[in-house]
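Work through the exercises below with the structure in view. Each task is followed by a solution in steps.

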Amino acid sequence: MQDLNEILDQIPIRHDVFSYIMFLGITIGFLLGFVILLRSYKKNIAFRFLALFLIIQGTITLDNFLCYTGLMKYTIGFNDSSEPLVLILGPSIYLFVYTLLKRKRIALKHSGLHLIPAILYGISQLQYYLQSDSIKLNAYLNAYFPKLKTASVPDNIDYSYLLIKDEFRWLILASFTIYILLSFRILYFYLRKQNTSLSRKTIHNKYSFTRNLVISFLIVFIIIFSIYLNYEDDSGDHYITVFVNFTVIIIALIMVSESRFFENTWIAEKYETSSFKDQKISIEEIKEFIEKDKFYLQSSASLKKLSEELNSSSNYISQVINTSTGLNFNDFINQYRIETSKLRLTDPNYSHLTIEAIGNSVGFNSKSTFYNSFRKHVAMSPKAFVTLKKAT
């Protein structure tokens, strides 16, 4: 024990620009991740995967921070404990892109499949995790302080776990390659088949945010590959960590800039900067107008047109709908259209119309738009819905 303590005392503590950036990334990653978990809607699975990525990244960065600064000597028993989590970064980004752009819920058993590599690697390293602090200290010193004296260990130690541990960096690259390709595939098909009923701003924001995130992930892959070619063990990990932390910081800045917290309409009680400052419109009034005049049946129905009819601003109407229902304007209107289409699909008076014609009659401009929206709100196709109703 005395030998171990003497070696630990030799490890220097270093603080520089890399350590400060890592510490900032840890703080923002954990803070942003937990805020997203607490504030996102329960049905918004996509951002829960983003929160998972941020929290896991914060944990990995904390491990790297302790190693790089030398503070790991105070928690040497946890050295390399975050390694399996690295294999969850790729799946969490992919699942975020998949659920956000495809607007589909993913079953727990299906998302759990992506955790198998991390679980298997963790199991393969149980032998290392159960080793003494002397073994873990030597592993740490060999990676970060190779010139320092190592601790004495018994001669009969089984190092068979190193067979997989030594190849871990290539497992990371393989994982990143697979999930980068899968993410770009989702982006490609989303761009080709984007829903024409969505506003251009919505398409731009969702697509550009996810695209930039995946591109950042690709750059991380390139940096990791170059670091692995030039550094042995973990001695170059701080370069990778710093870039990933810059990505986390940028995500935080984007989310803050998109927040309504800084909008004057959020702060002001009567929207004093608006020309409609003397008027307040509730969600009940919006619903009453839409239902009374069947505004949603118009194929030309738009947020701008609704705001003009209500003599208000588009931003204000959008905010009222979003904060009251959790939906954007298109989903809000489409709810009415889908409910009407469900009635008409089973109404004998409309039996002479095709499914596409019924979709057009409730305001949808195309068959694909109608089918996509119907599946989203009813969890089945219009044809399947008709078949089900006929059977019952």
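**Exercise 1: Contacts of Ile-28**

Task: list what Ile-28 touches beyond four places in sequence.

Solution. Beyond residues up to four places away in sequence, Ile-28 touches Gly-33, Val-248, Ile-249 and Ala-252, where contact means heavy atoms within 4.5 Å. Ile-28 has its place in helix H2; helices (H or I, at least four residues) are DSSP runs numbered from the N terminus. Next, take the pair Ile-28 and Val-248: they lie 220 residues apart in sequence and 7.3 Å apart in space, C-alpha to C-alpha.

The model is predicted, with pLDDT of at least 70 needed for local features and 80 or more for side-chain atom pairs, while totals for chains, interfaces and linings use all residues. Residues are numbered from 1 along each chain as its sequence is written, and side-chain values use heavy atoms, leaving out hydrogens and water.

**Exercise 2: Packing of H2 and H3**

Task: describe how H2 and H3 pack, using angle and distance.

Solution. Two packed helices are described by the angle between their axes and the distance between the axes. For H2 and H3 the angle is about 155 degrees and the axes are 8 Å apart; axes are lines fitted to C-alpha atoms over the stretch in contact, and angles run from 0 to 180 degrees between N-to-C directions. H2 is therefore roughly antiparallel to H3, a label for angles over 145 degrees. The residues of this contact divide into 17 nonpolar (Ala, Val, Leu, Ile, Met, Phe, Trp, Tyr, Cys and Pro), eight polar (the others, Gly among them) and one charged (Asp, Glu, Lys and Arg).

**Exercise 3: The largest nonpolar core**

Task: which residues of the largest nonpolar core touch the most other members?

Solution. A nonpolar core is a set of buried Ala, Val, Leu, Ile, Met, Phe, Trp, Tyr and Cys residues joined through side-chain atoms within 4.5 Å. Of the 51 residues here, Leu-50, Leu-54, Phe-96, Ile-172, Phe-176 and Ile-224 touch the most other members. H4 gives this core its largest share, 12 residues.

Definitions and conventions: Buried means under 20% relative accessible area, exposed over 50%, partly exposed in between (1.4 Å probe, protein chains only). Helices (H or I, at least four residues) and strands (E, at least two) are DSSP runs, numbered from the N terminus. Angles under 35 degrees count as roughly parallel, over 145 as roughly antiparallel, 65 to 115 as roughly perpendicular and the rest as oblique.
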